[in-house]
Amino acid sequence: MSRLVQNRIRNTFLRLKPQPSITLSSTLIKNLSTSSPEPSPKPLDESSTQSSEIWNVIIGRVGDRVVNEDEVFHRLSNDSLCKTVKLSDTLLHKLLHRFRDDWRSALGVLKWAESCKGHKNSNHAYDMAVDILGKAKKWDRMKEFVEKMRGDKAVTLNTVAKIMRRFAGAGEWEEAVSVFDKLSEFGLVKNTESMNLLLDTLCKEKRAEQARAVLLELKSHIKPNANTFNIFIHGWCKANRVEEALWTIQEMKGHGFRPCVISYTTIIRCYCLQCNFIKVYEMLSEMEASGSPPNSVTYTTIMSCLNAQKEFEESLRVAARMKRSGCEADTLFYNCLIHTLARAGRVEEAERVFRAEMPELGVFINTSTYNSMIAMYCHHDEEDKAVELLREMESLKVCEPDVHTYHPLLRSCFKRGDVVEVGKLLKEMVTKHHLSLDESTYTFLIQRFCRADMCEWAYCLFEEMISQDIAPRHRTCLLLLEEVKKKNMHESVERIEHVMKTVKLTAPVK
């Protein structure tokens, strides 16, 4: 959360002059502040400082929104502390990752990196910039950037993969095919690997039929491999055309390739999404009989889908079946198991799995594991234990909290009407862990503030969301619009209606 949102909230507070009953919002304003003590001017390098400290020195003191990449470049170039930074590829990649939703700042950082003495940008850094531009749908800038890379002979197959996937993801699948056709211009060759990249890109965007047409055109001079068929199995299943996926299994065998656990698990996932668990268990038996026994991913997939149907006891039976089979469990399985136990009301069993079983088996505990436990405690109104786990994460430093770590904690605060604590948690997210609020977090906060009859603060978050180029959901706009109308916030009503007309919203109401 930038200083911008603090200023907006403060200005809104002064303009609206809320009633004494909601004066706690001034505390929220204070907690949302991102100001911090001025860092000492000492040389920085990766071994002597955390990335958060580097972030504060290079970016953190800039509170207003940048206009273009040149502005970012000049700020960084003229900063005395930035001039002491020993820039490395790792640090640059971290900065680009932080600006993955802000293409102007990302390009500014990259331009600054190019000017740093003794530093040469890696191909990975350039690929990240290409991906950021593609994500923002800045096609002309992306093509211009790739052309510059081509002149420097920096275009790799990974670059091409990112370009094709961004085009296909935006519905421009013909452009993705066109990029493949121009591989030779980048000094790359058309072979099975590059063909599979294109097919995978199309299939992931539910363009399996177009991918099939491409394969028929290319297979006379480019031979498919086992991965080619697995790509199509996934593509047909993603399009909910499981019969074509089963036919592809037979075609795969006809080309001399043996279907693997990935092939079968993909089809099982499709059956799960259809809630056809009879077929799921039939496929499990077929896997065991064919010499490709289910793995941890297979069982976790089934359990996750059963959980979505609130069939928690059946999900636990699947977990028991996996343990009987001797299949080695991984972190994802245990995260799913903890979630299942929590939803089934078996809190003590979940604690035993977390505290004893996972450590005894040497299974790595990650952020999602902690998130599952924190969500469980919040769900059962044991928020103190949830906070203890959060502090444990911070002290052990085995993994770091993410925005989803805080969701159940924020939900608990709203549930008991403690908006002051909401502000403290938000400040902690932003200033302590340097987390950027994503679309789901903005949406959650806006909805909760509306329900708490605090639409002024919801509207400020809405404005900050728009300023960060994050498109709100249609239903979020409708909810906020209804609330600001009740408060006679006429300017806000006009602004929301304008956004609904001009911004491409996500998840529209059908």
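Which loop does Lys153 lie in? Lys153 sits in the loop between helix 8 (139-151) and helix 9 (157-169). I will come back to that residue after the overall picture.

This is a predicted model, in which local features need pLDDT of at least 70 and side-chain atom pairs count only at pLDDT 80 or more, while totals for chains, interfaces and linings use all residues. Residues are numbered from 1 along each chain as its sequence is written, and side-chain values use heavy atoms, with hydrogens and water left out.

On confidence: pLDDT is the predictor's confidence in each residue, from 0 to 100. The mean for the protein is 85, and 86% of its residues reach 70 or more. Over residues 1-51, however, pLDDT is below 50, and this stretch has 84 contacts in the model beyond near neighbours in sequence. A contact means heavy atoms within 4.5 Å.

Now the fold. The protein has 28 helices and zero strands; these are DSSP runs, H or I of at least four residues for helices and E of at least two for strands, numbered from the N terminus. Of the 510 residues, 48% are buried, with buried meaning under 20% relative accessible area, exposed over 50%, and partly exposed in between (1.4 Å probe, protein chains only). Among contacts between residues at least 6 apart in sequence, 64% join residues at least 24 apart.

Next, the second largest pocket. A pocket here is an open set of points on a 1 Å grid over the protein atoms alone, with protein on both sides within 12 Å along at least five of seven lines; lining residues have an atom within 4 Å of a point. The second largest pocket holds about 360 Å³ of space. It is lined by 15 residues, and the closest to its centre are Ala375, Cys378, His379, Pro408 and Arg411. Helix 19 (331-343), helix 21 (367-379) and helix 23 (403-415) each give two or more residues to the lining. Helix 21 provides the largest share, six residues.

Most residues other than glycine have a negative phi. Lys153 is not a glycine, yet has a positive phi of about 55 degrees. Is Lys153 buried or exposed? Lys153 is exposed, at a relative accessible area of 78%.

Asn240 also has a positive phi, of about 60 degrees, and is not a glycine. Asn240 lies in the loop between helix 13 (226-238) and helix 14 (242-254). Asn240 is partly exposed, with a relative accessible area of 47%.

Technical notes: 1 Å grid on protein atoms, 1.4 Å probe; cavity = no way out; pocket = protein on both sides within 12 Å on 5 of 7 lines; lining within 4 Å. Points joined across faces, edges and corners; volume = space filled by probe spheres on them.
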